[in-house]
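Biologist: I have this one open on my screen. Can we go through it together?
Modeller: Go ahead, here it is.

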Amino acid sequence: MPALKNILSALLVLSGLCTGEVLNAATTVVRIRESGGINAKYFFEPTNIIVSTGDSVKWTNTVANPHDSTHRPLPPARLWASPKLSNSPPNNTFSFTFNKSGLYPYFCQTHAVFHPEQTGTVTVVSANLPPSVSLFDPTNGATFFAPASFPLEANATDRDGNVAQVEFFLGGASLGVSTGGNPYTSQVTGFQQGTYAFTAVATDNNGATATSSVVNVTVISPPAITLGSAQRLQDGSFQFRVSGGSAGQTCVIDAADSLSAGQNLTPWTPVVTNTFPNTTCPACPFIDFTDSATNPVRRFYRARVFP
């Protein structure tokens, strides 16, 4: 019975990682001021501000006369109208939270007639949150036999828009761009022995980017697998030994009753999966296999080893 050459491949376990972010709202302080002199003027400082959705503005009166902050449109479109603010706590401040983007002009209604200059604007913009991305295939620490070919797969999402692309990197070198959606994929081929560090960079529709955690992959030299010590036992079963693998490597033994033109066309059936043991003997590790099928007229075997 001929010994068959080992067939080597790699087994990957898929896992996902999703990270979240906590965003803190901000408060912008606008002080009510007065310019001195006989023709005093009142103003908001700063007069025009830009905040993000979810942020608050707190108006603080710093002058002797009472003032207010009132949204310019008339009710019911008016969003806020503060009471008259004194110049001493706790009645000298008023706050309003902006939950929708847009332009919000306001004025001091108390002095609208004699001090029309006392106006301001709040511009609310939607903050562009960065996307999130995780490179889940291969898993960190995966091992392959050289020459290694395997897919890179990543999941990416964007909470306030959409993901435009995911680019894969080996160190600082680009391996390609994927725009097809989850999972975003790329293919690497022909990697020789060594250790490789991969990342995925997601870009959203507004240009914000995020980088995945590094996935380290090791490519090792394939073992020389042999099938030997073949014998038929007294009960009619057949036994042989698989040698050449390293401790911890997985071995799948397949059997077939006939060979087609090529091994890939043969109807192989897995009959057992085992792991090379962690031993110290000179000829170890090895796996002894006994086929439970008794007295077969003809049968072929092969061993596939996974790192």
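Modeller: One term before we start: contact means heavy atoms within 4.5 Å. Also, this is a predicted model.

Biologist: Fine. With that in mind, which residues is Thr123 in contact with, leaving aside its neighbours within four places in sequence?
Modeller: Ile49, Ile50, Val51, Gly102 and Leu103.

Biologist: How far apart are the C-alpha atoms of Thr123 and Gly102?
Modeller: They are separated by 5.9 Å, and the two residues lie 21 residues apart along the chain.

Biologist: Where does Thr123 sit, in which strand?
Modeller: In strand 9, which covers residues 119-125.

Biologist: What is the relative accessible area of Thr123?
Modeller: The value is 24%. Buried would need under 20% and exposed over 50%, so Thr123 counts as partly exposed.

Biologist: Zooming out, how many helices and strands are there in the protein?
Modeller: Zero helices and 24 strands. The protein has 307 residues, and 38% of them are buried.

Biologist: How many bridges join strand 2 to strand 3?
Modeller: Five, with the strands running antiparallel; strand 2 spans residues 27-35. Ile32 stands opposite Phe44 in strand 3.

Biologist: Different topic. Which residues have the most contacts inside the largest nonpolar core?
Modeller: Leu135, Phe150, Val166, Phe168 and Phe198, in a core of 24 residues. Several strands each supply at least two residues of this core, among them strand 10 (132-137), strand 13 (163-170) and strand 16 (194-204).

Biologist: Which strand gives the most to this core?
Modeller: Strand 12, with five residues.

Biologist: Which residues does the second core include?
Modeller: The second core is separate and has 17 residues, including Ile32, Val57, Phe96 and Tyr104.

Technical notes. Residues are numbered from 1 along each chain as its sequence is written. This is a predicted model: local features need pLDDT of at least 70, side-chain atom pairs count only at pLDDT 80 or more; totals for chains, interfaces and linings use all residues. Side-chain values use heavy atoms; hydrogens and water are left out. Two strands pair if DSSP finds at least two bridges between them. Helices (H or I, at least four residues) and strands (E, at least two) are DSSP runs, numbered from the N terminus. A nonpolar core is a set of buried Ala, Val, Leu, Ile, Met, Phe, Trp, Tyr and Cys residues joined through side-chain atoms within 4.5 Å. Buried means under 20% relative accessible area, exposed over 50%, partly exposed in between (1.4 Å probe, protein chains only).
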